[in-house]
Amino acid sequence: MRPPLSYHSNMRHRMIPRRLLFPADFQLPPRTSSSAKHSKTEPQTAYDAWLESRQMPGQPGVFLVPGAPRPLTWANVRLALFITQTCTTEFLAVLWRLNPLRTTLMMSLNIVRSLFPAFRGYSQALIVDELQTLIASESFTWSRLLYLVSTEVFRRVVEGCLDAFAASNETVVLGSARFYIEYKQMEQRVRLDVPTMADPTVRSLLQESDLFARSFTGGGFGMLSPLEFIHVFSLMTEICSHLFLIASLTRGMSHIGILLLSVFSTLLPVFLSWFTCSRDQAESPTSTKEARAADRQERLRNLAYSDAHRPEIALFGLGDWILKSWSSARKFVLASEQPLYARNMSVLDQFNLNELLSAVQNIPLLLVFQSSTTSLGSLTVYRSSIRSVVYAFGNLVTTIKMGFQGVFLMSAFTASTKLRPKLNPRHEDTVHYTPVPGGVDICAKNLSYTYPGCNEPALKNVNFTLEAGEMLAIVGYNGSGKSTLAKLLLRIVDYDKGSLLVNGVDIRRYNPAEYHSHLSAIFQGFSKFSSTVKENIGVGNVEKIGYKPAIETAVRLAEAENLVKSLPNGLKTMLETPGHEAISYPGMLSPEDTRHRHGLSGGEWQRIALARAFMRANEPGVDFLLFDEPTSALDAHAQNQIFDTLEKISRTPSGDRLKTIIFITHRLSTARRADKVAMMENGTITEFGTHEELIKKNGAYASLYRALDPAVE
Ligand SMILES: Nc1ncnc2c1ncn2[C@@H]1O[C@H](COP(=O)(O)OP(=O)(O)OP(=O)(O)O)[C@@H](O)[C@H]1O
């Protein structure tokens, strides 16, 4: 058995297996999907089945765009059955557990309600029969008729009450189901990391999972929901109850004649529409081109609607271009929809065969009635039951077809809940983060990283070592890889080659969430939340978001006190963000809501971002600060104050370093404040040392520095 990993660094090396003794050699196994192994045989998981169902028929390696209906092929039927077996029961069990009593009640009431039509028909037949007998025997009385009608009214009132109760119960059940699905959706989004979300297959999976969740919105389970199975069940009960009624009323050949003619007249249009739908479906797999056009049309529409983009649209004169591009995308989408319209407008659809056959059907019915002893009531119920069976059967076919598509969306939902964030190490490889006195020590050897879908690495053979508590400035030209290196150090993405040790352990062996709790950072393109100043700052340490003194300290450290004081509502001021999307969705926010938002300048936003980072940077457990261009928009005075603050919070009162600091900067005047400077060019560190050493070296750093201050020799 594998010995457990110790959390103490001195024990760790003794206890971990031989293979892991040299973390530099440690390689995570490639996370190949099980589908790769089994795609051509039987699917093993919901994910495998989902992936296989997306294969474009006859085009290996080509996949349907997310949301495209699956063609009705034997292979897909087999996959749908597999998904139903593996996920439906599990999924329904989860939903049932949310509200066991109400869900059971909903199912029972659905079945009871499905018996109503047959009862209704039977009761109406009884009234007609009674009336027929009364008239025939010439003993008609108004009181008797009133009694019959009030019995029917009473039956309908009871039916109505039950319907109302069932509907309100269903609303509660659906509400909790919808909440559960939406919660799971949100959970997936916040749980998944950058590399996982960069995977195009994962993105498609999540899109289909979203479609599944959307089928729960609105009043019912939605047209695509596999929970249509309840509907299927009640339709089957309805059909059975009608069949029972028909069987009890069928006597002799004349009835069989009516039966056959009624079945034929009602089934034919159903089959015709089914046939038309199957043709639609065979041609419906949305092509990538159509999907792209639909996407482009929506993006351009949003661009035209968005107030946030209006100044640039005006400045660059984009109006005509937007209209032209939208028109061509829209025309393409409309053209691809046209065959469908054309079919729907076909002569066949215009010709109401059903009505014609119903009229023809009345002829034998009349003949039978003339020549038989059958009562008018039983004949009425007989015919209406046949119609109901056929109608319910048509509904059943439609529901099953919808359910067939819904099953694949459900497999996407189920599979997405099981997605594992790519950055999370396997349990047996995980090492708990152990703080080292004075900050983190970092050792990068031949570090390389290529962005997904790119051919050229953004980082190649990066080497450097940083002792605990040192301050490093990373400088270099645009696009030289500084922010990419920051992403690796922050474990937003994982490196491809080489090794990166933090406190002597391969960074990939730390759980990202645990690692992140020991550091604070500012990203170059930091987030600007459409919320209050307080929340924009407080998110830096959510545990203290409601603790005013902590927010005020962060504001002070970021030299943002005057800024907050100048705002109309201080910390409670709502901030306006670029690309504030609420404007794109009319009706979501009233003009009053948007009017109170306060805009900030670039430098002011940077102070908010600094305060956010200081919310956490000031905490005792945080021993690594990585700031990407923290003062790029600040004036020289403010910049110096921020670096003084950094110095202050990263040292003990006696002057010993507590935290390791890395900052990226284009302002070389700030770089000289660091213990070490790393000069980056073309994705690698070309010079590394103290400011004085690099100036003396007279290389790229020195020439950059001289460009800033020609007085330097
Ligand atoms: N998400 C991405 N996908 C693909 N390539 C990217 C991505 N982000 C950055 N790159 C590429 O990686 C290289 C390094 O980019 P990086 O942002 O690290 O540079 P930088 O040194 O921080 O630049 P700057 O000084 O302009 O901020 C660039 O060539 C860039 O085009």
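**Ligand site**

I began with lysine 482 and found an N or O atom of its side chain 2.8 Å from an oxygen atom of the ligand. I took a polar contact to be a pair of N or O atoms within 3.5 Å; within protein, one must be able to donate a hydrogen and the other to accept it, and residues adjacent in sequence count only if both atoms are side-chain atoms. The model is predicted: local features need pLDDT of at least 70 and side-chain atom pairs count only at pLDDT 80 or more, while totals for chains, interfaces and linings use all residues. Residues are numbered from 1 along each chain as its sequence is written, and side-chain values use heavy atoms, with hydrogens and water left out.

A polar backbone atom of glycine 479 is 2.8 Å from an oxygen atom of the ligand, and one of glycine 481 is 3.0 Å from a ligand oxygen atom. On its own the ligand has 640 Å² of accessible area, and the protein covers 61% of this. Such areas come from the Shrake-Rupley method with a 1.4 Å probe; for residues, only the protein chains shown count as cover.

I listed 13 residues around the ligand, of which Asn478, Gly479, Lys482, Ser483 and Thr484 come nearest; a residue is near if one of its heavy atoms lies within 4 Å. By class, I noted four nonpolar, eight polar and one charged residues in this shell. Ala, Val, Leu, Ile, Met, Phe, Trp, Tyr, Cys and Pro count as nonpolar, Asp, Glu, Lys and Arg as charged, and the others, Gly among them, as polar.

**Aspartate 193**

I placed aspartate 193 in the loop between helix H6 (142–191) and helix H7 (194–198). Helices (H or I, at least four residues) and strands (E, at least two) are DSSP runs, numbered from the N terminus. Aspartate 193 counts as buried because its relative accessibility is 13%; buried means under 20% relative accessible area, exposed over 50%, and partly exposed in between (1.4 Å probe, protein chains only). A polar atom of its side chain lies 2.8 Å from the backbone nitrogen of leucine 423. Neighbours within four places in sequence aside, I found aspartate 193 in contact (heavy atoms within 4.5 Å) with Pro421, Lys422, Leu423 and Asn424.

**Nonpolar cores**

I defined a nonpolar core as a set of buried Ala, Val, Leu, Ile, Met, Phe, Trp, Tyr and Cys residues joined through side-chain atoms within 4.5 Å. The largest has 51 residues, and Ile537, Phe614, Phe627 and Tyr701 touch the most other members. Helix H23 (residues 602–617) supplies the largest share of this core, nine residues. Another core, of 35 residues, lies apart from it, with Ala444, Phe464, Leu466 and Tyr495 among them.

In helix H27 (residues 700–708), I found Ala700, Tyr701, Ala702 and Tyr705 buried. Their cover includes strand S3 (471–476), helix H25 (668–671) and strand S9 (676–681).

**Positive phi**

Most residues other than glycine have a negative phi, so I recorded the exceptions below. Asparagine 446 has a positive phi of about 45 degrees and is found in strand S1 (residues 442–449). Asparagine 698 has a positive phi near 65 degrees and lies in the loop between H26 and H27.

**Whole chain**

I counted 27 helices and ten strands in the protein chain. Of its 713 residues, 42% are buried.
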